[in-house]
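Try each task yourself, then read the solution step by step.

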Amino acid sequence: MHNNNNGYPSQTRAWVTVAILMLAYVLSFVDRQILNLLVRLKATLGLSYLFISHDLSVVRYFSDRIMVMYLGRIVESGTSEAVWSTPLHPYTRLLLESVPRPEHKSRARAAAAGGGAAAPAGPGCRFSPRCPLATDLCR
């Protein structure tokens with residue numbers, strides 16, 4: 001058994017990594033169980049939820065309607081199916097392209113939008129400095 005720079009055996013690092021991965025799996029499994037319970041309660045009791053998340057695949061599963069926000073402003077809203085299948089705003093498209101999918105390498109394209117500065121509060125679209133489709137109307 002070799003020691004690493006911290007004086008701990010190198011096997012300790014491997015065990016911690018495995019434990020973290022197992023914990024992530026357990027949390028993911030618990031999250032799915034909670035979401036499934038909330039969906040069942042929504043259906044059986046007629047409940048409504050205000051669900052806020054950055055995980056768009058969960059939003060699609062959980063929500064009937066979606067509102068997409070950028071810097072505190074709503075840039076798009078509609079039914080879950082409409083927003084997912086036909087996104088209208090470039091920021092919504094960027095978000096949907098960044099959802100990991102085994103058949104696509106979408107993260108490279110999503111990163112291509114760049115990290116330009118956010119637009120100051122004003123009449124135009126706040127995404128316009130980063131948007132490749134922005135026109136004078138957007139600004």
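**Exercise 1. Find the element that gives the largest share of the lining of the largest pocket, then describe that lining.**

Step 1. Start with strand E1, because it runs through residues 65-70. The largest share of the pocket lining, 5 residues, comes from E1. Keep in mind that you're looking at a predicted model.

Step 2. Now look at the space itself: the largest pocket holds about 760 Å³. It has 29 lining residues, and the closest to its centre are Phe 51, Ile 52, Ser 53, Ile 66 and Met 67.

Step 3. Check which elements give two or more residues to the lining: helix H2 (56-62), E1, strand E2 (73-79), helix H3 (80-85) and H4.

Step 4. Sort the lining by residue type. You get 17 nonpolar, 8 polar and 4 charged residues.

**Exercise 2. Work out the order of helices and strands along the chain.**

Step 1. Count the elements: the chain has 5 helices and 2 strands.

Step 2. Read them off along the sequence, and the pattern is α-α-β-β-α-α-α.

**Exercise 3. List the residues of the largest nonpolar core and say which element gives the most to it.**

Step 1. Pick out the 10 members: Val 59, Ile 66, Val 68, Tyr 70, Val 83, Tyr 91, Leu 94, Phe 127, Cys 131 and Ala 134.

Step 2. E1 comes out on top, with 3 residues.

Step 3. Here's some background: in soluble globular proteins, nonpolar side chains tend to be buried together.

**Exercise 4. Is Val 68 buried or exposed, and which residues does Val 68 touch?**

Step 1. Find Val 68 in strand E1.

Step 2. The cut-off for buried is under 20% relative accessible area. Val 68 has 7% relative accessibility, so it counts as buried.

Step 3. Skip residues up to four places away in sequence, and Val 68 touches Arg 73, Ile 74, Val 75, Glu 76, Val 83, Tyr 91, Thr 92 and Leu 95.

Step 4. Leaving out neighbours within four places in sequence, its contacts are Val 59, Glu 76, Ser 77, Gly 78, Ser 80 and Val 83.

**Exercise 5. Why does the pair of Tyr 70 and Phe 127 count as edge-to-face?**

Step 1. A search of the whole structure turns up 5 aromatic pairs.

Step 2. In this pair, the ring centres of Tyr 70 and Phe 127 are 5.1 Å apart and the planes stand at 80°. Planes over 60 degrees apart count as edge-to-face, so that's the label.

Step 3. Trace both partners along the chain. Tyr 70 is in strand E1 and Phe 127 is in the segment after H5, 57 residues apart, so the pair links distant parts of the chain.

Step 4. Check burial too: Tyr 70 and Phe 127 are both buried.

**Exercise 6. Where does Leu 71 lie, and what is its phi?**

Step 1. Look in the loop between E1 and E2, which is where Leu 71 lies.

Step 2. Recall that most residues other than glycine have a negative phi.

Step 3. Leu 71 isn't a glycine, yet it has a positive phi of about 50°.

Step 4. Its relative accessible area is 41%, so Leu 71 is partly exposed.

**Exercise 7. Is Pro 123 buried or exposed?**

Step 1. Find Pro 123 in the segment after helix H5 (106-111).

Step 2. Exposed means over 50% relative accessible area. Pro 123 has 88%, so it is exposed.

Step 3. For contrast, go to Arg 60 in helix H2. Arg 60 has a relative accessible area of 35%, so it is partly exposed.

Step 4. Leave aside neighbours within four places in sequence, and Arg 60 is in contact with Ser 80, Glu 81 and Trp 84.

How values were computed: Residues are numbered from 1 along each chain as its sequence is written. This is a predicted model: local features need pLDDT of at least 70, side-chain atom pairs count only at pLDDT 80 or more; totals for chains, interfaces and linings use all residues. Side-chain values use heavy atoms; hydrogens and water are left out. A nonpolar core is a set of buried Ala, Val, Leu, Ile, Met, Phe, Trp, Tyr and Cys residues joined through side-chain atoms within 4.5 Å. Buried means under 20% relative accessible area, exposed over 50%, partly exposed in between (1.4 Å probe, protein chains only). Helices (H or I, at least four residues) and strands (E, at least two) are DSSP runs, numbered from the N terminus. Contact means heavy atoms within 4.5 Å. On a 1 Å grid over the protein atoms alone, a cavity is a set of points where a 1.4 Å probe fits but cannot get out, and a pocket is an open set with protein on both sides within 12 Å along at least five of seven lines; lining residues have an atom within 4 Å of a point. Grid points are joined across faces, edges and corners, and a volume is the space filled by probe spheres set on the points. Ala, Val, Leu, Ile, Met, Phe, Trp, Tyr, Cys and Pro count as nonpolar, Asp, Glu, Lys and Arg as charged, and the others, Gly among them, as polar. Rings of Phe, Tyr and Trp (its six-membered ring) pair if their centres lie within 6.5 Å; planes under 30 degrees apart count as stacked, over 60 as edge-to-face and the rest as tilted.
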